[in-house]
Amino acid sequence: MKDFRQTSVPDAATLDTLPYREAIDRVATIRAQVVRVALDVSLIVGSETSDAGLADEVAGLAETIRRAAAVVSGDDVFPDLPEPLSHWIAARSEPLKQERRVIMAVAESTTALSEQLAQGETISAEDLARYVANGKTAVFAAVTAVITHLWEGIESGRAAHLAAAAESARNLEASLDRLDRIGRYVRSMSINASVEASRAGEAGKGLTIIAHEFKTLAEEVQQLIVTARTDIRDISVE
């Protein structure tokens, strides 16, 4: 697997093309899946007969929780999503070491419950109560902290890239101002050349052609400046 620590915060353009919301939601649903596991196990424990369907559901939920927790820890990826998303989640979650430990612990305890059911072992009411209490407090808080940190990372990344784009627009505007001054100077030269050509009479015909070319060039420069500034405004609005 690639080293997730080398994965950078995605830029604004990438955010529009990758399913970040779906990836983050898979981490967020650990909270609901833990509750569902607790409900299924309580139904199995309280029943006099075994329920293979509920046991299979617990096994499926345990695997889903395990994978999401492993993605957060950088040990696995979501196979049906672009791999950079999983690396990015791991990189963003790395500072939240305590929260990652809590999430990995509930994944391990869920797997243990599933294996007990598969082997026909009895799950005590005390063990189930501890699992439920942990899910309602520590797990809920840990998962919430991780997904909050993920969303903050996206917003800060977007803000940074928008700020860079705004700075580029300001630099371009400054360049356009210089080009505008050059255009006005060229236009002034064309006017002066026209005046001198008219004074020279027949001998100034060549100068007249030059003056016309200068005038055309100045008008093209001005039109380019207008178009470029319109484009900058349109990008800023978007």
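Predicted model: local features only at pLDDT ≥ 70, side-chain atom pairs only at ≥ 80, totals over all residues.
1. A helix here is a DSSP run of H or I at least four residues long, and helices are numbered from the N terminus.

2. Gly60 and Val37 are separated by 23 residues in sequence, and their C-alpha atoms are 9.7 Å apart in space.

3. Leaving aside residues up to four places away in sequence, Val37 touches Val58, Leu61, Ile65, Thr110, Leu113 and Tyr131. The largest nonpolar core has 42 residues, and Val37, together with Ile30 and Ile89, touches the most other members. Helices H2 (20-28), H3 (30-45), H4 (52-73), H5, H6 (97-118) and H7 (125-200) each give two or more residues to this core.

4. How do H3 and H6 sit against each other? Their axes come within 11 Å and cross at roughly 25°. An angle under 35 degrees counts as roughly parallel, so H3 is roughly parallel to H6. The crossing of H3 past H6 is left-handed. On the H3 side the contact involves Ile30, Val34, Val37, Val41 and Ile44, which meet Ile103, Val106, Thr110, Leu113 and Leu117 in H6.

5. H6 also packs against H4, with the axes 9 Å apart and an angle of about 155°. Because that angle is over 145 degrees, H4 and H6 are roughly antiparallel to each other. Among the residues making this contact are Ala55, Val58, Ala59, Ala62 and Ile65 of H4, and Arg100, Ile103, Met104, Ala107 and Thr110 of H6. H4, too, passes H6 in a left-handed crossing.

6. Finally, have a look at helix H5 (residues 83-93). Nine of its eleven residues are buried, so H5 is largely enclosed by the rest of the structure. The buried residues are Leu85, Ser86, His87, Trp88, Ile89, Ala90, Ala91, Arg92 and Ser93.

Terms used
Residues numbered from 1 in each chain as written. Heavy atoms only, no water. Buried < 20%, exposed > 50% of the residue type's maximum accessible area, 1.4 Å probe, protein only. Core = buried A, V, L, I, M, F, W, Y, C linked by side-chain atoms within 4.5 Å. Contact = heavy atoms within 4.5 Å. Axes fitted to C-alpha atoms, helices over the stretch in contact; angles between N-to-C directions. Parallel < 35°, antiparallel > 145°, perpendicular 65-115°, else oblique. Left-handed = near helix turned anticlockwise from the far one by under 90°.
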